[in-house]
Amino acid sequence: MPTDFAATRDQFHLPKGVIYLDGNSLGPLPRAAAARVASCVTDEWGDMLIRGWNAAGWMDQPTKLGDRIGRLIGAEAGSIVLGDTLSIKVYQALASALDMVPSRRVILSDTGNFPSDLYMAEGLCRTLGPEYRLVTVAPEDVADALTEDVAVLMLTQVDYRTGRLHDMAALTALAHEKGAIAVWDLAHSAGALPVDLAACRADFAVGCTYKYLNSGPGGPAFIYVAPRHQDTTRPALSGWLGHAAPFAFDLHYRPGSGIERMRVGTPPVLQLAALGASLDIWDTVDMAALRARSVALCEAFITGVEATCPTLTLASPRNADQRGSQVSFRHPEGYAIMQALIAQGVIGDFRAPDILRFGFTPLYTSDADVSGAVAILAGIMASNSWDQPAFKTRAKVT
Ligand SMILES: *Cc1c(COP(=O)(O)O)cnc(C)c1O
């Protein structure tokens, strides 16, 4: 299935004068999402009131939309449910995974992981008891650190700072060989590159929808449980909507069947409406074509920046096979340079201590965006126009 990326670009609202290279952090608005959300508000919430749960199918959206995300990440039908935020889903997956290896006490992760994932693991260890611990090693040392005391290998496939890509198939196979469970965070993978959870035999996976999947700020996370585990997994967050019969209002928890048990509470209906509009676009996308286009955009950006900005150092792997869909450069004044770029309409972001991060999202990033961003960045670096107090004041969100 060929994908027409000019046509997908037309389906997004992209403000004039902006080159948006931050869809890895917050995807832009799909044009259809505004009307879809408005209709969900007025026609469903407004007119149906509580009848919307059945009449508009609100309660089924977390699994229906989950299946559509499943196609993008190689998940079996019926193995994904949406809800909560990614931090919560990390906790939930990790708790269930630890429960499956009761004789072991170690969670292994890496120092490139997103802090919230590590914080959730630390919090869970504290709750479970002093013998539980989180061990973090450098990303390149994960395989060597996978010893037979590791209960759960918890990794984010694409490093949020550098874009470095872990080999999911190989590390999952190694984890299984050592008797550990593999939990993958796909925050920077889902919608960024082809993933094949089923072929990799991943046990659990989690991810968010507001980055590459464009569900809008506050959009829900998703959780994947391999079909072979679904009916034995114990949900540590045993909320009423994961109960076998939520409307029986039993006083004791009984897990629902399959992936349903990973629900916690009320689904975010308005955000799911926005996600539905975005997935209408994603349904037309071939993931191999997406990857080819993403690599081409990233390569063009690297070549352009290296040719014009000698003081910026590539922080991402040079080999495209080892990179997600983002490119990062280092500079000690990275924050100020990014503010100068944003002032000229090129929106990327900054990650401490010195990373300028640029996301490339084939659905709406064009070749002209890449060359335009390179030209503006080159101008800023050549003139040192970033070197002003106004660009050095840190905002709350970077
Ligand atoms: C973006 C991101 C998060 C954010 O978690 P929220 O609970 O949605 O705020 C967590 N982990 C990773 C790896 C991320 O990239």
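A: Let's start with the rule for the cysteines: a disulfide is a pair of cysteine sulfur atoms within 2.5 Å. Keep in mind that this is a predicted model. By that rule, the count comes to 0 disulfides. Take Cys208: its closest cysteine sulfur is the one in Cys298, and because the two are 18 Å apart, that's too far for a bond. Cys298 is in no disulfide either, with the nearest cysteine sulfur, that of Cys309, 16 Å away.

Now for the ligand. The space it takes is the largest pocket. Around the ligand you'll find Thr85, Leu86, Ser87, Phe114, Asp117, Thr156, Asp185, Ala187, His188, Tyr210 and Lys211. Sorted by type, the residues of that shell come out as 4 nonpolar, 4 polar and 3 charged.

Thr85 places a polar side-chain atom 2.9 Å from an oxygen atom of the ligand. With Leu86 it's the backbone that matters here: one of its polar atoms is 3.3 Å from a ligand oxygen. Asp117 pairs up with a nitrogen atom of the ligand, which is 2.6 Å from an N or O atom in the Asp117 side chain. Taken alone, the ligand exposes 390 Å², and the protein buries 86% of that.

Methods. Residues are numbered from 1 along each chain as its sequence is written. This is a predicted model: local features need pLDDT of at least 70, side-chain atom pairs count only at pLDDT 80 or more; totals for chains, interfaces and linings use all residues. Side-chain values use heavy atoms; hydrogens and water are left out. A residue is near a molecule or strand if one of its heavy atoms lies within 4 Å of it. A polar contact is a pair of N or O atoms within 3.5 Å; within protein, one must be able to donate a hydrogen and the other to accept it, and residues adjacent in sequence count only if both atoms are side-chain atoms. Accessible areas come from the Shrake-Rupley method with a 1.4 Å probe; for residues, only the protein chains shown count as cover. On a 1 Å grid over the protein atoms alone, a cavity is a set of points where a 1.4 Å probe fits but cannot get out, and a pocket is an open set with protein on both sides within 12 Å along at least five of seven lines; lining residues have an atom within 4 Å of a point. A molecule sits in a cavity or pocket if more than half of its atoms lie within 2 Å of its grid points. Ala, Val, Leu, Ile, Met, Phe, Trp, Tyr, Cys and Pro count as nonpolar, Asp, Glu, Lys and Arg as charged, and the others, Gly among them, as polar.
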